[in-house]
Amino acid sequence: MERKEWPLWEVFVRSRNGLDHKHCGSVHAPDAKLALQVARDVYTRRQEGVSIWVVKASDIVASDPDAKPELFDPAEDKIYRHPTFYTLPEEVDHM
Amino acid sequence: MYTQSLSIPDGEARGPKKVENPAYQAEFDAKIAAGGFIEAKDWMPEAYRKTLIRQISQHAHSEIVGMLPEGNWITRAPSLKRKAILLAKVQDEGGHGLYLYAAAETLGVSRDELYEALLSGKAKYSSIFNYPTLNWADIGVIGWLVDGAAIMNQIPLCKCSYGPYSRAMVRICKEESFHQRQGYDLLLAMMRGTPEQRDMVQDAVNRWWWPSIMMFGPHDKDSVHTETTRWGIKRISNDDLRQKFVDATVKQAEVLGVSLPDPDLKWNAERGHYDFGAIDWDEFWNVVQGHGQCNVDRLAARVKAWEDGAWVREAALEHARKRAVREKDAA
Ligand SMILES: [Fe+2]
Ligand SMILES: [Fe+2]
């Protein structure tokens with residue numbers, strides 16, 4: 001069996017206006033036009049979407065999972081970034 | 001579908017090799033213990049990756065091969081309404097296969113590689129699809145019992161520890177309920193028909209009942225799942241799922257007005273469950289090992305579809321290449 005696989009595309013669907021596009025899976029397709037077509041058939045058979053984005057998987061730049069501590073841990077001790085850090089007098093605490 | 005896939009090995013899965021690392025292993029174990037999810041690019045033990053590739057791809061193959069027994073009746077559906085429903089159902093099964101192949105690919109295998117394992121006979125798929133669909137009632141019984149058993153199997157997988165698999169399962173489970181209900185509805189319609197139609201329903205139930213309860217795989221005492229259980233992939237045992245299915249189905253059979261072909265099936269007040277008769281495991285293993293009624297036909301149909309589609313796949317790639325060149329020249 002020869003191995004000339006169609007490239008992989010990641011699929012993002014906006015379920016209705018007012019919401020973000022959300023990643024829902026991937027498809028194989030030879031080009032962008034067919035990727036949209038295939039994504040329509042595979043991921044929106046029941047009106048799950050009003051808009052689809054497809055992005056070539058090879059074009060996505062992702063953060064390194066090994067770099068999670070450097071990237072995401074520094075925020076852990078900055079609790080003053082959250083409203084709950086501040087104790088206010090009870091009468092005004094709902095601000 | 002099909003916890004069977006957990007119990008039955010096929011060939012070695014291939015994927016990128018990762019160095020085993022105690023610090024990573026500890027982090028992985030902690031995540032699993034806390035009921036967390038593992039995502040595609042996270043470190044995972046090689047055995048976890050291989051198990052998932054095997055299970056998810058067997059599951060995908062089952063969805064794809066599962067299109068065949070029902071596809072067999074699309075052109076002969078008795079009305080336009082039933083034809084439209086069956087088309088939608090079979091299309092869903094194709095979709096399920098595609099969601100699952102996509103999930104498996106996040107583990108570092110290619111789609112073609114997985115497909116090659118199916119077409120060469122190396123990979124397994126659920127034994128249930130190696131039975132023939134002999135009359136129109138079979139289509140109803142497949143929806144009711146086979147999709148019903150699949151749903152029992154699949155709901156716990158929505159919470160499995162591998163993120164891409166769990167999300168694919170959530171999507172699949174949302175669609176399965178339609179499959180079971182349309183099957184039962186079809187049978188209700190036939191049961192309201194002529195005596196001949198009622199006989200067809202009973203005949204189909206008689207043939208599909210035992211294969212359906214075999215779908216849950218070997219008894220717990222004959223299948224080792226310690227790792228998949230510890231890893232949060234398998235959450236409920238084969239026998240527990242089978243019991244749940246039998247308990248749920250008895251009432252449905254009664255309402256439908258058919259009998260289930262098991263003289264030992266009866267309520268056990270002490271256990272709070274239905275007891276049922278011994279399963280013919282020789283038949284099960286015979287079908288798994290390729291000697292069921294339709295194993296050869298099913299695989300031949302998949303191979304033919306793959307080969308007949310080769311020129312389309314090539315032409316589409318070539319068209320995309322040419323158009324990209326044209327667009328570049330025009331720019
Ligand atoms: Fe399915
Ligand atoms: Fe289904």
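**View 1. Asp92(B), a residue of helix 5 of chain B, shown with its surroundings in a predicted model.** Asp92(B) has a relative accessibility of 1% and therefore counts as buried, the limit for that class being under 20%. Its side chain is joined to the side chain of His179(B) by a polar contact of 2.9 Å. When neighbours within four places in sequence are left aside, the residues in contact with Asp92(B) are Arg45(A), Arg46(A), Glu175(B), Phe178(B) and His179(B), a list that takes in residues of chain A as well as of chain B.

**View 2. The salt bridge between Glu175(B) and Arg46(A).** The closest N and O atoms of Glu175(B) and Arg46(A) are 3.4 Å apart, and this pair is counted in a structure for which a search over all chains finds 24 salt bridges. The pair crosses between chains, running from Glu175(B) in helix 8 of chain B to Arg46(A), which sits in the loop between helix 1 (32-43) and strand 3 (51-56) of chain A. The two partners fall into separate accessibility classes, since Glu175(B), with a relative accessible area of 4%, is buried, whereas Arg46(A), with a relative accessible area of 35%, is partly exposed.

**View 3. The side of chain B that touches chain A, with the helices that supply its residues.** The contact takes 30 residues from chain B and 22 residues from chain A, and the two chains bury about 2,300 Å² between them, of which 48% is on carbon and sulfur atoms. Asp112(B), Arg171(B) and Leu317(B) supply 21% of the area that chain B buries against chain A, which is more than any other three residues supply. Between chain B and chain A there are five salt bridges, and 12 residue pairs across the interface are in polar contact, with both residues at pLDDT 80 or more. At least two residues of this side of chain B come from each of helix 2 (22-33), helix 5 (80-105), helix 6 (111-119), helix 8 (163-191) and helix 14 (310-330) of chain B. Helix 14 of chain B gives the most, with eight residues. By residue class, the side of chain B that touches chain A divides into 11 nonpolar, four polar and 15 charged residues.

View 4. Glu318(B) and Arg321(B) meet through their side chains in a salt bridge with an N to O distance of 2.6 Å. Glu318(B), at 32% relative accessibility, counts as partly exposed, and so does Arg321(B), at 46% relative accessibility.

View 5. An α-helix has 3.6 residues a turn, so residues three or four places apart point the same way. Glu227(B) counts as partly exposed at 37% relative accessibility, while Arg230(B), at 51%, counts as exposed, because the limit for that class is over 50%.

**View 6. Buried and exposed residues of helix 12 of chain B.** The buried residues of this helix (residues 281-291) are Trp281(B), Phe284(B), Val287(B) and Val288(B). These four cover an arc of only 125 degrees around the axis, and therefore lie on the same side of helix 12 of chain B. On the other side of the helix, Asp282(B), Gln289(B) and His291(B) are exposed. At the start of helix 12 of chain B, a side-chain oxygen of Asp280(B) comes to within 3.2 Å of the backbone nitrogen of Asp282(B).

**View 7. Ser57(B) in helix 3 (residues 46-65) of chain B.** Ser57(B) is buried, its relative accessible area being 6%. A polar atom of the side chain of Ser57(B) lies 3.3 Å from the backbone oxygen of Arg54(B). Leaving aside neighbours within four places in sequence, Ser57(B) is in contact with Leu52(B) and Leu114(B).

How values were computed:
Residues are numbered from 1 along each chain as its sequence is written. Chains are lettered from A and ligands numbered from 1 in the order in which they are written. This is a predicted model: local features need pLDDT of at least 70, side-chain atom pairs count only at pLDDT 80 or more; totals for chains, interfaces and linings use all residues. Side-chain values use heavy atoms; hydrogens and water are left out. Contact means heavy atoms within 4.5 Å. Buried area is the accessible area (1.4 Å probe) that two parts lose on being put together, summed over both. A salt bridge is a side-chain nitrogen of Lys or Arg within 4 Å of a carboxyl oxygen of Asp or Glu. A polar contact is a pair of N or O atoms within 3.5 Å; within protein, one must be able to donate a hydrogen and the other to accept it, and residues adjacent in sequence count only if both atoms are side-chain atoms. Ala, Val, Leu, Ile, Met, Phe, Trp, Tyr, Cys and Pro count as nonpolar, Asp, Glu, Lys and Arg as charged, and the others, Gly among them, as polar. Buried means under 20% relative accessible area, exposed over 50%, partly exposed in between (1.4 Å probe, protein chains only). The arc is that of the directions from the helix axis to the C-beta atoms.
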